[in-house]
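Here's a walk through the model, starting with its strands and ending with a few residues to look up yourself. Keep the viewer open as you read.

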Protein chains: 2
Amino acid sequence: MGLLVQKYGGTSVGSPERIAAVAQRVSRAVANGDKIVVVVSAMSGETNRLVDLTNQFGGQPNEMHRDLVLATGEQVTVGLLCIALEKIGITAKGMLGWQVPVLTDNAHSKARIQNISGAHIEAVFEDHQVCVIAGFQGVTGQGDVATLGRGGSDTSAVAIAAAINADECQIYTDVDGVFTTDPRICENARLLNQVSFDEMLELSSSGAKVLQLRAVEYASKHNMPIRVLSSFSDSKGTLVEEREEMERPVVSGISSVDSEAKLTIRGVPDLPGIAAKILGPISDSGIDIDVIVQNISDENTTDFTFTVDKKDTSEAEKILQKTSESLGGGLIEVDDDIAKVSIVGRGMRGQSGIASKMFQSLADHEINILMITTSEIKISVVIKKDLMKKAVNALHDTFELDKNLDN
Amino acid sequence: MGLLVQKYGGTSVGSPERIAAVAQRVSRAVANGDKIVVVVSAMSGETNRLVDLTNQFGGQPNEMHRDLVLATGEQVTVGLLCIALEKIGITAKGMLGWQVPVLTDNAHSKARIQNISGAHIEAVFEDHQVCVIAGFQGVTGQGDVATLGRGGSDTSAVAIAAAINADECQIYTDVDGVFTTDPRICENARLLNQVSFDEMLELSSSGAKVLQLRAVEYASKHNMPIRVLSSFSDSKGTLVEEREEMERPVVSGISSVDSEAKLTIRGVPDLPGIAAKILGPISDSGIDIDVIVQNISDENTTDFTFTVDKKDTSEAEKILQKTSESLGGGLIEVDDDIAKVSIVGRGMRGQSGIASKMFQSLADHEINILMITTSEIKISVVIKKDLMKKAVNALHDTFELDKNLDN
């Protein structure tokens, strides 16, 4: 008998039939003797419909008012799932963000959770079997409805799980869990039984969009185990949690992204503060920068390369052009025919030779490396886009990810 | 400079374009120097869509959960109207039922308003020009979302107007106001400038569905003037309020209904309590009874006739059959080929001769009367359905309703 939080995303509750199926799944957990808190997203397509409505008045809508509209998506799902549960004999109580309450800051449309009181949720179990809570939403200190931004439902679920000290936060999606790499790219991709928070963070930030980054960060901070699993199958999914084993695989997974573009500014003065001068104006305009590489060139100048999302390429180029002029020149090159491939693994910490093994494998397959960056548990290379699939498969073989060693 | 409540129904906010038009209308009132509280319904069609969703799980949905779903309709309109207002430079603040708060009882799906605190609404005007409130919804003492039932938005508007002591509650609809009779039936129908609460109540209950009965009752009890007007024109509309003039027209309006059926049980024992024995079981099953007529027959038996909505006919007949058996017989007759025509007027109080003038007019047009009932300010006759239009026009002429005497 445990206390579980189950979160169902938009696809899992995309129709009345799907909602009825979720009710069945919840009822099986109830039959196990578990207390279940369910956190739901809006039915798939609904949030887009509501966003479109708010955009019908010209210009950018006021975000506080827009939140009032968007929050209805999850509210509808809460009511419908409660109806579906009662229909199969499970007593349920629905709760909106303000009823829990999920207290947030005032940053409408991207609010951050400040505090969740677990008392109201716990009281629900005095006379109900299941508590259904609207994800993605909370209430500000002023009593206004606020949304957490896209994907905020995962964060809601983890934060609620932490607030009530749940045994596990189960995130139901339309995939079976976290794979060693994208199964659409590599047919040998294997479902992982377990992965650590930091590995999950690196995988998420490198293209494996199974979980929202914010949710993983929150779970890691509060040490709340997350299980990623499918609402369309009976797979056990992947458990994301902190663990310290004696032996673990060196590399846990491979992620790949081909949605970025690479910008280079050449021959800028190699002076302290030059990175901030170049990247500051780009960050200030709201563009996310991913990989950054700086290399010493000749005659006291340096070459500076970074990647941004493709949609931001022309904006970033424009800003970079201005910076180049103020710095007294420097050729700008743009390349959006690239892909980033990363190997991620907690086991590579302190292990030497992993990087050279990776580079050798790519060389053996005649894949030229354009950029390299490394973090403590990740090594990323930027290569030509048409080589991405080849690179992922080569590395998957090299690090024997199709074999279940202890995962 | 006044304090006005304006209520816009589903047709008035049926699309983003219509909502933008409402924003323009509100901005004109703001330019007049008035403080404006706007109460909105769900966009037309939206409540039906939501009801359909809640019916997808088989059987009657739990009403508390259904309220959570239905309340989103008005919430969306609140957010969209606030966005539209800000877009034309009007500062607005949206409020949901629980934020006002509109406190209701626990009768989910048909909750009654128990108390409204005006303080939060008044505080909005410290730094906003307009307060937009979701109609049709409130919050129970337990903190659950509750809806007031269909048409509850009119009641919300009147109750909010009373709570903040507004100068007038303006109900915007898709008609120009209250007419002497249905313009589709009588081409001489004339828009009334004024009508009293009790006249409005009798007109509402007799088929003129411009205002919800509950809203008129609430307004009458709290002496809150209502103005019924069109959101599609610039008509001044009709003011519904209490007034005591020296002279007034004898008859203010004529209403007609052809959606009822007449049931008669003949030859039942003429004993005390017989009416309750016959009508009790029918009311208990949730069927609304309209006109009731009892006449003494012969041999200590009586004939008993009443009307119900057509959709309830077969259910009422079934119940009546059982009652007849337990009373020891009594022939049952059903007739749904009927119409009810009523003349309504405060001026007829204490005036003799109005009824005979009505009956004479109908006789002159060869219209046979099947039933008669009277109240203090209304006389209703039941006639054959195909004579309804003829009767309405005849009475409109007879009482000279096309002429503006003092209204």
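Two strands count as paired when DSSP finds at least two bridges between them. If you want one spot to look at, go to G94(B), whose bridge partner in β6(B) is V132(B).

That pair belongs to an open sheet of eight strands in chain B, with the order β3-β6-β2-β1-β9-β11-β12-β10 and mixed pairing. Which strands stand at the edges? They are β3 (92–95) and β10 (194–195) of chain B; each has a single partner strand, so one side of each is left without a neighbour in the sheet.

**How the two chains meet**

Now zoom out to the pair of chains. Chain A can be laid on chain B by a turn of 180° and a shift of 0.0 Å along the axis, with an RMSD of 0.1 Å. That is the relation of a two-fold axis. The same surface serves both copies, as 100% of the contact residues of chain A recur in chain B. To find the rotation axis from chain A, head for T72(A): of the residues in that chain, its C-alpha comes closest, at 2.7 Å.

How many residues are in contact across the two chains? It's 29 residues of chain A with 29 residues of chain B. On the chain A side, the elements that give two or more residues are α1 (16–31), α2 (46–54) and α3 (63–87). The largest share comes from α3(A), with 15 residues. By type, the chain A side divides into 14 nonpolar, 12 polar and three charged residues.

**Inside the core**

The largest nonpolar core has 238 residues. Those touching the most other members are V38(A), L81(A), V158(A), V38(B), L81(B) and V158(B). Again α3(A) turns up: the largest share of this core, 12 residues, comes from that helix. As for V158(B), leave aside its neighbours within four places in sequence and its contacts are C169(B), A215(B), Y218(B), A219(B), M224(B) and I226(B).

A146(A) and K318(A) make a handy pair to click on. A146(A) lies in strand β8 of chain A (residues 145–147), while K318(A) has its place in helix α9 (residues 313–326) of chain A. Buried or exposed, where does A146(A) fall? A146(A) counts as buried because it has 32 C-beta neighbours inside 10 Å, and the cut-off for that is 20 or more.

Beyond residues up to four places away in sequence, A146(A) touches several others, including D67(A), T104(A), H108(A) and Q137(A).

Here is how sequence and space compare for two pairs, C-alpha to C-alpha:

| Pair | Apart in sequence | Apart in space |
|---|---|---|
| A146(A) and H65(A) | 81 residues | 9.2 Å |
| K318(A) and V38(A) | 280 residues | 46 Å |

The mean pLDDT of chain A is 90, and 95% of its residues reach 70 or more. For the model, the scores are ipTM 0.81 and pTM 0.84. Where pLDDT is low, the predicted coordinates should not be read in detail.

Technical notes: Residues are numbered from 1 along each chain as its sequence is written. Chains are lettered from A and ligands numbered from 1 in the order in which they are written. This is a predicted model: local features need pLDDT of at least 70, side-chain atom pairs count only at pLDDT 80 or more; totals for chains, interfaces and linings use all residues. Helices (H or I, at least four residues) and strands (E, at least two) are DSSP runs, numbered from the N terminus. Two residues are in contact if their C-beta atoms, placed from the backbone, lie within 7 Å. Ala, Val, Leu, Ile, Met, Phe, Trp, Tyr, Cys and Pro count as nonpolar, Asp, Glu, Lys and Arg as charged, and the others, Gly among them, as polar. pLDDT is the predictor's confidence in each residue, from 0 to 100. Copies are superposed by least squares on the C-alpha atoms of residues with pLDDT of at least 70 in both. A residue is buried if 20 or more other C-beta atoms lie within 10 Å of its own, exposed if 12 or fewer, and partly exposed in between; C-beta atoms are placed from the backbone. A nonpolar core is a set of buried Ala, Val, Leu, Ile, Met, Phe, Trp, Tyr and Cys residues joined through C-beta atoms within 7 Å.
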